[in-house]
Amino acid sequence: MARDYYEILGISKNASTDEVKKAYRKMAMKYHPDKNPGDKTAEEKFKEAAEAYSVLTDPQKRQMYDQYGHAGVKGNGFGRSSGFSGGGFGGFDPFDIFREVFGNSGFGGFEDFFGGGGSSRRSRTSASTRTGSDLKIRLPLTLEEINKGVTKKIKIKRLDTCKACDGSGSKSGTSRKTCPVCHGSGEIREMTRSLFGQMVNVRVCSNCNGEGSVAEQRCPVCGGDGRVKGAREISVQVPPGVSNGHYMTMTGEGNVGQRKGSRGDLIVIFEELEHDVFIRNEDNIFVNLHISPAEAVLGTELEIPTLNGRVKLVVPPGTQTGKMLRLKQKGIPHLHQHGRGDQIVRILVDLPKNPSSEERKIYRDLLNVEKKRGCVSHRFSKIE
Ligand SMILES: [Zn+2]
Ligand SMILES: [Zn+2]
């Protein structure tokens, strides 16, 4: 199945938001379930288009997709069971997108256009009550883990189907009855009078959660909800090179829906832990290296730590304090791409604060030599 969002909408990778919107309108009109009753393929395409639209019109999501899109292709853990595929955005509803784009009034016109039929609303309600909610979890990672990639086991608490009633919410041997509060409609209508006149407020019936029916006798284990608190250990494969705020969607690992509905998603948000000495900027690693004046003047060769093991660093003679030395390809790997960042070593020359008498003697001799040579310039320059 075509999964690429650009492909779904038939647009190029650098399409503007307006073009995305236009393409979505075309698709939504063509594949709206009201226009294609009972056509599963059309329904799927309608959903796909809405999902593509919701991602490509959100600059942040679009950027993420442009980055992670390759992942799906490469199967780096952002593929089938996770990531953006599988229709798994938090609380994602294609009909909400549709209304957002066409507007509420426009929707009425749209129904007229197709010869009426309010099935979209009905299917929406049933779909949303049966899909469980998404779970979000933060996953702290060290720079070392980010550098190599890591498989992490995390424990999550989530709602599972109640085994005692098999999700029905009814005590075994009893059945469901029409909700006495809303009389089966699932909605409560309230008339309110205000300065602006009479208003009708419609809200979801809280007694039955909009289902229109309640358990005759509630299941004693789950109290009628059909779900109980459970825990599970989940293995998350973190690819090398992720950043703070990147997230991974694990489709179908969230809370279970009511009445054995499908599960919501688990969204794992990566959090970069602070490192003792390294600082990350994009995929480059920055570190300060303190050396002595003699080393700066004469130059030196040292072994220094990187995230990828110890490497030799040549400090050339005459290195000034503040000089940045670059160790190519010793930084963090680019996410889902070849190559990696660099390690940048900033040289700081530490002057001796408590020189020994021997050092002081050498410095005095050095100063005399410098004066004789005339290289103590005492020149002035502009502060940068
Ligand atoms: Zn009710
Ligand atoms: Zn139960």
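Let me start with the open sheet. Four strands form it, in the order β12-β13-β17-β16, and the pairing is mixed. A strand here is a DSSP run of E with at least two residues, a helix is a run of H or I with at least four, and both are numbered from the N terminus. Two strands count as paired if DSSP finds at least two bridges between them.

This is a predicted model, in which local features need pLDDT of at least 70 and side-chain atom pairs count only at pLDDT 80 or more, while totals for chains, interfaces and linings use all residues. Residues are numbered from 1 along each chain as its sequence is written, chains are lettered from A and ligands numbered from 1 in the order in which they are written, and side-chain values use heavy atoms, with hydrogens and water left out.

Now look at β17, residues 343–349. With β16 it pairs in the antiparallel sense over four bridges, and Leu-325 has Val-345 in β17 as its bridge partner. With β13, residues 284–291, the pairing of β17 is parallel and runs over seven bridges. Phe-286 stands opposite Ile-344 in β17. Five of the seven residues of β17 are buried, so the strand is largely enclosed by the rest of the structure. Buried means under 20% relative accessible area, exposed means over 50%, and partly exposed is in between, using a 1.4 Å probe and protein chains only.

Next, the zinc ions. Which residues coordinate ligand 1? The SG atoms of Cys-179, Cys-182, Cys-205 and Cys-208 do, at 2.2 to 2.3 Å. Donors are N, O and S atoms within 2.8 Å of the metal (3.2 Å for Na, K and Ca), and sites may look incomplete because water is not among the atoms. The angles among the four donor atoms of ligand 1 are 103 to 116°, and the site is tetrahedral.

The donor spacing for ligand 1 is C-x2-C-x22-C-x2-C. Cys-179, in the loop between β3 (176–178) and β4 (187–194), and Cys-205, in the loop between β5 (197–204) and β6 (213–215), are 26 residues apart, and the pair links distant parts of the chain. Cys-179 is buried, at 1% relative accessible area, and Cys-205 is buried at 1% too.

Cys-165 and Cys-219 lie 54 residues apart and link distant parts of the chain. Cys-165 is buried at 8%, and Cys-219 at 3%.

Methods:
Tetrahedral: all angles 85-135°; square planar, octahedral: opposite > 155°, others 65-115°.
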